[in-house]
Amino acid sequence: MRKLVLLGLLLLLVVLALGLVGPLALRAWVGGRYGSRIHNDVASTPPQPVAIVFGAGYWPSGRLSDALADRMDTAIALYEAGKVGKLLLTGDNRFADYNEPARMADYAEARGVPPEHLVLDYAGRRTYDSCYRAGAIFGVERAVLVTQAFHLPRALYTCERLGLDAVGVVADHHRYRYGEWYRLREVFALARAWFDVNLLKPLPVLGDPIPVDWSQRAADPVSDGS
């Protein structure tokens, strides 16, 4: 009986080890494969038709979370520098009293981005959905992904596997509360992304295509009049 218990514990440890080693190996591989596509600042980011900005939550007051504000500030800087012509703001709006894309648009408009250069995706409930819908609904083919460094490898991997040619720019301007937890979570989120794009291939919320002329670029960097 004791030998059976020990054998069972050994098998459990093996399963747990494999369950951890696999995601860690995938994370290392994805980080190596996509590292050259990640840019640390706006200046080094190559021009693309659109920046995809992923939602990251906001407070009941309407104030964006630090992570989302950093993403929006970086996307706005891309727009002002003439690196992109439009911002695709993708986030969660499954509840009537929670509308990430609308709050993101308010933030961008308050900082001078014309509303006609903002495209709102109200069904970007997670990274997979946002990447899928960017191509299937809005016709995106090439883009800059705007998010934090810990999230970029998964976002780039997911977008590429769903047919988008993307680069990423790091939007880290703060030290985030629970930052270490988010980095750990990414290991397992990436494993789920692998299953989604390779095996499960779930359909997000879809609808009629919304044609967007992504060739329309900001003509010149925004000037402050000086």
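Strands, like helices, are DSSP runs numbered from the N terminus, a strand having at least two residues. In this predicted model, Leu 120 belongs to strand β4, which covers residues 118–121.

**Surroundings of Leu 120**

Beyond its neighbours within four places in sequence, Leu 120 is in contact with Leu 89, Pro 101, Ala 102, Ala 105 and Phe 138.

**Helix α5 and its two helical partners**

Helix α5 (residues 152–161) is approached by helix α4 (residues 127–136) and by helix α6 (residues 179–200). The geometry of the two pairs is set out below.

| Helix pair | Axes come within | Crossing angle |
|---|---|---|
| α4 and α5 | 9 Å | roughly 40° |
| α5 and α6 | 10 Å | roughly 5° |

Angles under 35 degrees count as roughly parallel. With a crossing of roughly 5°, α5 and α6 are therefore roughly parallel to each other. On the α5 side, this contact is made by Arg 154, Tyr 157, Thr 158 and Arg 161. On the α6 side, the residues are Arg 185, Glu 186, Ala 189, Leu 190, Ala 193, Trp 194, Val 197 and Asn 198. Sorted by class, the contact of α5 with α6 has six nonpolar, two polar and four charged residues.

The crossing of roughly 40° between α4 and α5 makes α4 oblique to α5. The crossing in which α4 passes α5 is right-handed. Here Thr 127, Tyr 128 and Cys 131 of α4 meet Arg 154, Ala 155, Thr 158 and Cys 159 of α5. The classes in the contact of α4 with α5 are four nonpolar, two polar and one charged residues.

**An aromatic link to helix α1**

The model has six aromatic pairs. Among them is the pair of Tyr 34 and Tyr 157, which is edge-to-face, with 6.3 Å from centre to centre and 80° between the planes. Because Tyr 34 lies in helix α1 (residues 2–34) and Tyr 157 in helix α5, this pair ties together parts that are 123 residues apart in sequence.

**Confidence of the model**

The average pLDDT of the protein is 89, and 86% of the residues score at least 70. Over residues 12–18 the pLDDT is below 50, and this stretch has one contact in the model beyond near neighbours in sequence. Residues 218–226 also stay under 50 in pLDDT, and the model gives them eight contacts beyond four places in sequence. Where pLDDT is low, the predicted coordinates should not be read in detail.

Key:
Residues numbered from 1 in each chain as written. Predicted model: local features only at pLDDT ≥ 70, side-chain atom pairs only at ≥ 80, totals over all residues. Heavy atoms only, no water. Axes fitted to C-alpha atoms, helices over the stretch in contact; angles between N-to-C directions. Helix = DSSP H or I, 4+ residues; strand = E, 2+ residues; numbered from the N terminus. Parallel < 35°, antiparallel > 145°, perpendicular 65-115°, else oblique. Left-handed = near helix turned anticlockwise from the far one by under 90°. Contact = heavy atoms within 4.5 Å. Nonpolar A, V, L, I, M, F, W, Y, C, P; charged D, E, K, R; others polar. pLDDT = per-residue confidence, 0-100. Phe/Tyr/Trp six-rings, centres within 6.5 Å; stacked < 30°, edge-to-face > 60°.
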